[in-house]
Amino acid sequence: MNNDILFSIIIPTFNRGYLIKNTINSLLKQDYSNYEILVVDDGSTDNTKEIIDSLKNDKINYFFKKNGERGSARNYGLYKSKGDYINFFDSDDEAMPNHLSTAKNLIMKTGLNILHLGHNIKKKNKLISNNPIGDLSIKMMYGNIMLPISTFVSRGLALKIKFSENRELSGSEDYLFWLKIIAYQKIIGFPNITSNLIIHNN
């Protein structure tokens, strides 16, 4: 396996110009440098493009498309990606500096083509750790305990499965994606916490 894994971080977004800068800045502070960021603007009407342009970083690739919901935006980013592994990050959450280096080390150690890391749930500056570990396959049959921001999946596997683009499944398209993968193989969770899921008042 390539010792210098290229990660593609795909960020679908819709009218979140007021939040996405913080998310991207957290991703630009990684202690592992071989990655690209793909922002897929799913038809925003706010200042998202201006915010992205103001960051002026070669790692960031911006794409605008007609609104099609998250499944469509994630698939669009997947087709445009160049990485060995994909991380589908949300446009209002935060990555810790060890986010990519932790994934890289675990991939090199285990050879897994999908893994799930731990994350904090952050609300009003209070942190609650969520780090489901071990074989998540059976646990996932009883509810979605995984997050896109915490999951790394090989590009080949992601292209094989892809997200549903059915608008009626918006908000659950990730759960269906994991369940389809479980039909082929196990998904393993690790306790390492590398990101923050931000809960907003609204």
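Helix α1 (residues 17-27) has its buried residues covered by, among others, β1 (7-13), β2 (35-41), α2 (48-55), β3 (60-64) and β5 (94-95), where contact means heavy atoms within 4.5 Å. Helices (H or I, at least four residues) and strands (E, at least two) are DSSP runs, numbered from the N terminus. Keep in mind that this is a predicted model, with local features needing pLDDT of at least 70, side-chain atom pairs counting only at pLDDT 80 or more, and totals for chains, interfaces and linings using all residues. Residues are numbered from 1 along each chain as its sequence is written, and side-chain values use heavy atoms, with hydrogens and water left out.

**Helix α1**
- The buried residues here are G17, L19, I20, T23, I24, S26 and L27; buried means under 20% relative accessible area, exposed over 50%, and partly exposed in between (1.4 Å probe, protein chains only).
- Together with β1 and β2, α1 makes a right-handed β-α-β unit. Right-handed means that, with the strands pointing away from the viewer, the path from the first strand over the helix to the second runs clockwise.

**Strand β1**
- Seven of the seven residues of β1 are buried, so the rest of the structure largely encloses this strand.
- F7, I9, I11 and T13 sit on one side, S8, I10 and P12 on the other, and both faces are covered.
- β1 runs parallel to β2, joined by seven bridges (two strands pair if DSSP finds at least two bridges between them).
- Look for I9 and its bridge partner I37 in β2, and for I11 opposite V39.
- β1 also runs parallel to β4 (residues 85-88), with four bridges; there, F7 has Y85 as its bridge partner.

**Strand β2**
- β2 is largely enclosed too, because seven of its seven residues are buried.
- Y35, I37, V39 and D41 point one way, while E36, L38 and V40 point the other way.
- Five bridges pair β2 with β3 in the parallel sense, and L38 has N61 as its bridge partner in β3.
- β2, α2 and β3 form a right-handed β-α-β unit.

**A patch on the surface**
- I138, M141 and Y142 make a nonpolar surface patch with about 440 Å² of accessible area together. Accessible areas come from the Shrake-Rupley method with a 1.4 Å probe; for residues, only the protein chains shown count as cover.
- Patches take residues with over 30% relative accessible area and no salt bridge, joining like charges within 9 Å and nonpolar side chains (Val, Leu, Ile, Met, Phe, Trp, Tyr) within 5 Å. A salt bridge is a side-chain nitrogen of Lys or Arg within 4 Å of a carboxyl oxygen of Asp or Glu.
- M141 is in the loop between β8 (134-135) and β9 (151-154), and it's exposed, at 55% relative accessible area.
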